[in-house]
Amino acid sequence: MDTVDELTVRDAGHPSHSLVHAVNLAEFAVVAWLMTIVADLRISTALAVRGRTRAEAYRYAHAAELAERMPDLFELLYADGRCTLDHLDVVWSRINRHLTTLDRVTRELLRPAVDAAVAGALVEWMEAGCPPSLEAFSLVTDETLNAVAGDIVTATEQRERDTQCLTKRATKLILDCGDEITAASTWAAIGDRARTLHREARRVAEASGSVSDVPTMSQCRARVLLDQLGDTPETMTVTVNLYRTTVDGRVGCGGAFIPGVGYVSEVTADLLESVADLVRELPRWRELEQRETASYPFTRVQKAGMEGRDGHCRFPGCDIAADRCEHDHIVNSVHTSPDSDGPTSVANGMCLCPLHHALKTAGLWRAWTDDNGFTVVWEGPGGVVAVTRADGPLSPLRIGPDG
């Protein structure tokens, strides 16, 4: 079970508040109990007492291990009540992704320093009142790992790139892209063309009265890929939105952020930038945030700024990458609502996936901001009010007050 960034209700007696916290605290109580079990027996114990899947048993065992390694963080999350078992598991997974590439002696030597740095960063994140979403925990962990163990992160990324392979099983072709960047970018490029193909197929089917013949999105993706590999002369273009720190036009250090992927090492960032056909440098944040245009569509630079600030869809609990989202006016533009006066600016814009954009447009959820899009307050059915805060690489949480 995941939690939204923050959950409040108009009525303190609303059941959602107490139920969410009760479930989260119960998960942490099981983790605390598992810490009393010998480490080698935790998986079998969790499987026996929970009676669910082996995958869940592993998650509980990982959480108990991490709680032992990061006691201060565990106590803070346990007392907070908004975090879940998955928050501990995602931190364990992000660290384990890199440490498993090392030999046992080196791994045991480095783990205390890595654990201390990650735990300290997450405690600081929570104590600053930042959103405790799963996406945020993953990004803070990756950002910290890049800062304290950049060489190890680089080695992991190179190893993953070297594992690309394509296998055949009966009628199925199984492609392992090797790393998250290639997988996310390839999936996005195929998806863009598949959506176009799907819309055209639906239009034709509706015109002929045979809507049942419309192919699924999965079928459209397969058609796009097979055409790409077959007799289509076009070549696939992959767009990677890369956010890097620059100082007076010079690229800084500490890697880079890619929406939908997270933080990557400086070596990987250099490699991606070296093959790019276009590299755009954004203006300083305060200038970009307030820049307005008279037209309804956001400019390309405004879109890049919003995606960098938001990181992902701004609807509570949604982690769809910002560069796969649509760009919405928080306060409606006069171009679509004559009674409204929302400007076309980054301060009045946010990234929403198509589903949650449609919910807002339909009026099923309302949204507003008092701080130029950094904090978005949502009001929805049943009197529930949810708050999300931008946590992308251009968020005030990361770039500081001076931008």
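A: Helix 13, residues 300-310, is mostly covered, since 8 of its 11 residues are buried; here helices are DSSP runs of H or I with at least four residues, strands are runs of E with at least two, and both are numbered from the N terminus. Buried means under 20% relative accessible area, exposed over 50%, and partly exposed in between, with a 1.4 Å probe and protein chains only. The buried residues of helix 13 are Gln-302, Ala-304, Gly-305, Met-306, Glu-307, Gly-308, Arg-309 and Asp-310. After helix 13 comes Gly-311, with a positive phi near 80°.

This is a predicted model, in which local features need pLDDT of at least 70, side-chain atom pairs count only at pLDDT 80 or more, and totals for chains, interfaces and linings use all residues. Residues are numbered from 1 along each chain as its sequence is written, and side-chain values use heavy atoms, leaving out hydrogens and water. The pLDDT, which is the predictor's confidence in each residue from 0 to 100, has a mean of 85 over the chain, and 90% of the residues reach 70 or more.

Arg-42 counts as buried because its relative accessibility is 3%. Leaving aside residues up to four places away in sequence, Arg-42 touches Leu-34, Met-35, Ile-37, Ala-61, Ala-64, Glu-65 and Glu-68, where contact means heavy atoms within 4.5 Å. One of these neighbours, Glu-68, forms a salt bridge with Arg-42, and their closest N and O atoms are 2.5 Å apart. This pair links distant parts of the chain, with Glu-68 in helix 3 (residues 54-69) and Arg-42 in helix 2, 26 residues apart. A salt bridge is a side-chain nitrogen of Lys or Arg within 4 Å of a carboxyl oxygen of Asp or Glu. Side chains of opposite charge can pair when their charged atoms come close. Glu-68, at 40% relative accessibility, counts as partly exposed.

Another salt bridge joins Asp-115 and Arg-69, with 2.8 Å between the closest N and O atoms. Because Asp-115 lies in helix 6 (residues 104-127) and Arg-69 in helix 3, this pair ties together parts that are 46 residues apart in sequence. Asp-115 is buried at 5% relative accessibility, whereas Arg-69, at 21%, is partly exposed.
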